[in-house]
Amino acid sequence: MAQAEPSVLSSIDNGIATVTLNRTKALNSLNQDMVDILLRLYRNWQHSSDVHAVVVKGAGGKAFCAGGDVRATVQQIMKGEREEAPRSLFPWHSTKD
């Protein structure tokens, strides 16, 4: 069975970090896994002397990023996971304060 491609690709070349959102079938819409990866990368690069700039790109030719993953949010609501649904659509939003 073929392994799924990563939803976020990253590289560093000559002090420039490049991030590519890689969910072309979903128009690169952000899901929680992607946001977690992006936050981890950005936090690591923030304190790195190897990174001086970050470039963010979208894979495929149709969209840079369609925003939050609405489909995942609707699926969570339909499964009765209403409390987690805002986190899928707005990954930076926390319902637990």
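This tour moves through the structure stop by stop, naming what to select and what is found there.

The model is a predicted one, in which local features need pLDDT of at least 70 and side-chain atom pairs count only at pLDDT 80 or more, while totals for chains, interfaces and linings use all residues. Residues are numbered from 1 along each chain as its sequence is written, and side-chain values use heavy atoms, with hydrogens and water left out.

**The sheet**

Begin by selecting the strands, which, like helices, are DSSP runs numbered from the N terminus (E, at least two residues, for strands; H or I, at least four, for helices). Three of them form an open sheet in the order β1-β2-β3, with mixed pairing, where two strands count as paired if DSSP finds at least two bridges between them. The edge strands are β1 (8–13) and β3, each of which pairs on one side only, and from one strand to the next the twist averages 20 degrees, an angle between N-to-C directions on a scale from 0 to 180 degrees, taken from axes that are lines fitted to C-alpha atoms (for helices, over the stretch in contact).

Colour β1 and β2 next: they pair in the antiparallel sense over six bridges, and valine 8 has leucine 21 in β2 as its bridge partner. Strands of a sheet pair through backbone hydrogen bonds, either parallel or antiparallel.

**Threonine 18**

Stay in β2, five of whose six residues are buried, where buried means under 20% relative accessible area, exposed means over 50% and partly exposed lies in between (1.4 Å probe, protein chains only). Select threonine 18 in this strand, which stands opposite valine 55 in β3. Threonine 18 counts as buried because its relative accessible area is 19%. Apart from its neighbours within four places in sequence, threonine 18 is in contact (heavy atoms within 4.5 Å) with Leu9, Ser10, Ser11, Val55 and Lys57.

**Two asparagines with positive phi**

Move to the hairpin of β1 and β2, which has two residues between the strands, and select asparagine 14, whose phi is near 55 degrees. Asparagine 14 counts as exposed because its relative accessibility is 73%. Asparagine 28, in the loop between β2 and α1, likewise has a positive phi, of about 60 degrees, but asparagine 28 is buried, since its relative accessible area is 0%. Most residues other than glycine have a negative phi.

**The salt bridge**

Select aspartate 69 and arginine 23, whose side chains meet in a salt bridge at 3.0 Å, N to O; the term requires a side-chain nitrogen of Lys or Arg within 4 Å of a carboxyl oxygen of Asp or Glu. Aspartate 69 lies in the loop between β3 and α2 and arginine 23 in the loop between β2 (16–21) and α1 (32–46), so that the pair links distant parts of the chain, 46 residues apart. Both residues are buried, and a search of the whole structure finds one salt bridge.

**The nonpolar patch**

Finish on the surface by selecting Tyr42, Val54, Val56 and Phe64, which form a nonpolar patch with about 320 Å² of accessible area together, as given by the Shrake-Rupley method with a 1.4 Å probe, only the protein chains shown counting as cover for residues. Patches are made of residues with over 30% relative accessible area and no salt bridge, joined within 5 Å for nonpolar side chains (Val, Leu, Ile, Met, Phe, Trp, Tyr) and within 9 Å for like charges. Phenylalanine 64, in the loop between β3 (53–58) and α2 (70–78), is partly exposed because its relative accessible area is 48%.
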